[in-house]
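Reader: Hi! Could you walk me through some charged pairs in this one?

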Amino acid sequence: MAQRSRYGVLLAVVLVFGALAAWSLPKLTLQNQLTVFFPPAETADQAVLFDSLKQSLNQDRSQQPLMVSVQMPLSVNVTPNDAAAISQTLASALRGQSWVAGVRNAPSPVSAWNQAPLREYRYLLTDFDLETLPSRLDDLWQAWQMGLVLDKATALSDPTQQWFRYLGQSRFQQAVPSVAGVWGETTPSSDEQPEFIQLLFLVTFKPAALASHLQAVEPVLRAALVKSGVPEMDRAGVKIAVSNVAWIAQQARHDIEQDVKWLSVIATLLVLGFLFWTFRRPLWVFLSFVPLATGTLLGTLAVQTVFGSIEAMTLALGVVLIGVAVDYPIHALAALRQSPQQAWRNWPVIRLGALSSLVGLGSLMWLDIPGVQQMGLFAAVGLLTALGMTRFMLWVLSPVTSIPTAVKMDGRDQAVPTVHDGWKWMGLTALVLALLWWKPIVWQDDLASLSPVPPSLLQQDGDLRQAFRQLEASQFLLVPADSMQTLLQRQEALTASLAQLKTDGVIQGWLGLSDWLPSLQRQAQRLSALPPDDALNSALAQSDTPLQLQPKHFQSFVQGLKASSTLPPLDWPRFETLALDWQQALLPTLVTETANGVVGKILVQGVTRPASLADWSEAQGVLYFNQRSLVAESVTQLRWELAWGLFGLLLVFVLGLRLATASFVQAWRILLPVVFGLGLSLASLSVFGQAVTVFHLLAGFLVVAIGLDYSLFARQARQQAQASQETDAMSSVTIALMTTILTFGCLLWTSIPILVAIGQTLVVGVIWVYLLARWQNWV
């Protein structure tokens, strides 16, 4: 076939893949669930814990209010009272926006709580003690005399303060601090900064307006500051911070997109410039990226077809895993630049490295971890496609019309291992062990090691949550039950033991659904314990309160107590309707309905001795959920799974090379630079104080795959030198090394921990493998 016709076929193929990408990529279902990368549960208890972890990490909290902080310096021009007025001005400006559903910047008034329909159930929600009624009336009268009773009718209707007792036990977290009647907090001056006040707001958005208006909050506040009368000299020092789950996701996506965009542009320009300087042929430079692009496309479609969706982390790391495909056309084109015969002579080496990588990386599909299985399928399909495209490009570009039959990989190796070779590798082993003994590997197994969010965003979110006194529900007790009433009764049975834990200092507090909603059995007991009318009237008549507070003044109290027996039962559906605002915000966290019943969570606060709480939980037959330790255990198990995967990958390479070289000794010699290069890369990271994560291990798969190519071509170069051939197979390895360093070295400058980890392992690893391969095959 004429060369021009082959170019026409190549153009047609590229256009077909381009059309396929344009049609299919918009239809992708992209997910972002970290827990699909965790190993599966081995017991029923682990399954419950993992399900809770998935809910904790993956639940849709996009409609959470946006936390807003406005920090401004206090001066002679801005006092705390002025700041309170400014807070009201800013809140009004936000409420005036069409996309804002509500703004809160002050504590809820007591009158709003007293008007809540749930108040009617106060005698079923708390225990009523008739013997304490006289003392309660005395307390009421003293407060009355001191002018502390502002709403006298409400006070007379609930003299025992049953409702306020319930409100007190309903609060799990501290109240948001207030200054001059608005949410805010003053910070004393220090040597580093002057005294300032922090005003706080919670902003809720109208449906479908959240994503499009998250970034509009700060401009609205800046404009309102001008109208609020804050002097210009003080406005310059105002700091505005916002955060919630949706904002973090949007900001992190923006930061990642910006980092990836400019890094991609820089890396692409560097690689294009280097390849153009090397090949001096624009077409060849363009074709160097075709195998990677087609492999990424078909790998993505394969995962979408098999799993129904693709994880964002799978897509990102999958592209990295098949990044080795960039080396295939480089090896082929570098040899083709010497001669077509040399290109076909190197093809068996390229094919062996690619097929070994395909089998090794494809073995990830056999790990029982859905996210890793997606990556294995992605890498296998992508590598096979890239290899096929490289073979097709070689056919297009080579003027040779048929493959010379005599050109195949030489399985013989004239270099015989000597005692000197053994001693130098033993010395290198001693060096690696010495480095690891001096600076042992520090594994980072917490949740932060899995998060793609820049640390600065996490820090800002943590500061705002602390300002709002919001506690992360990262530690709790899990109580499974077959029905809602069984759950409430089980939690009520744990109350005395939880109180003892608080007394012993193991925890500082707890909150379960039963603290808000008593079981129907407990409500019936409280109802039957309410005093009859004559006993209640007798207790009121015996009170020592003066004539101003007589039994006739407490008729609303008597009627309310009597009306409790006529109320419909406060069951779960009714409570969901009547719950207070802060209760409704936490209800999805406190209870989860499952196929087999319900699972309740008892949130625990201020755990000082986790081991003691774990022992208590085991004795009580409940599960202790500690998100930090559970994630650490899951990541540790994933780390071991990946370590065994790396070992299996090396084993596959040994067996494959044994078939190609007819000798286990030669197979092991080819792998020695790869094994030591990987070990030295981890040791180097440890020496420089870098904690190692699972992403360093995942990048290790790519180091092994790339390193095998380096070692194979180094062996090929030595054989050519021994045969007095003029070609140099190592030239393509040097080109591939430089493109790898230029591409992945740019990742070291990002603020994204995952990408930094990948860049560190790859840059350090490929340099070590390259140096060791040349050192071993030095002629």
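**Salt bridges and confidence**

Author: Happy to! Arginine 522 counts as partly exposed, at 27% relative accessibility (buried is under 20%, exposed over 50%, partly exposed in between, with a 1.4 Å probe and protein chains only). This is a predicted model, where local features need pLDDT of at least 70, side-chain atom pairs count only at pLDDT 80 or more, and totals for chains, interfaces and linings use all residues. Residues are numbered from 1 along each chain as its sequence is written, and side-chain values use heavy atoms, without hydrogens and water.

Reader: What does arginine 522 form a salt bridge with?

Author: Glutamate 492, with the closest N and O atoms 4.0 Å apart (the cut-off is a Lys or Arg side-chain nitrogen within 4 Å of an Asp or Glu carboxyl oxygen). This pair links distant parts of the chain, 30 residues apart: arginine 522 sits in helix α23 and glutamate 492 in helix α21 (helices are DSSP runs of H or I, at least four residues, numbered from the N terminus).

Reader: And glutamate 492, buried or exposed?

Author: Buried, at 12% relative accessibility.

Reader: How many salt bridges in the whole structure?

Author: Four. One of them joins aspartate 461 to arginine 465, at 2.9 Å between the closest N and O atoms. These two are about one helical turn apart because they lie four residues apart in helix α20. Aspartate 461 is buried at 10%, and arginine 465 is buried at 12%.

Reader: Switching topic: where is confidence highest and lowest?

Author: Helix α21 has the highest mean pLDDT, 94, and helix α2 the lowest, 62 (pLDDT is the predictor's confidence per residue, from 0 to 100). The chain averages 78.
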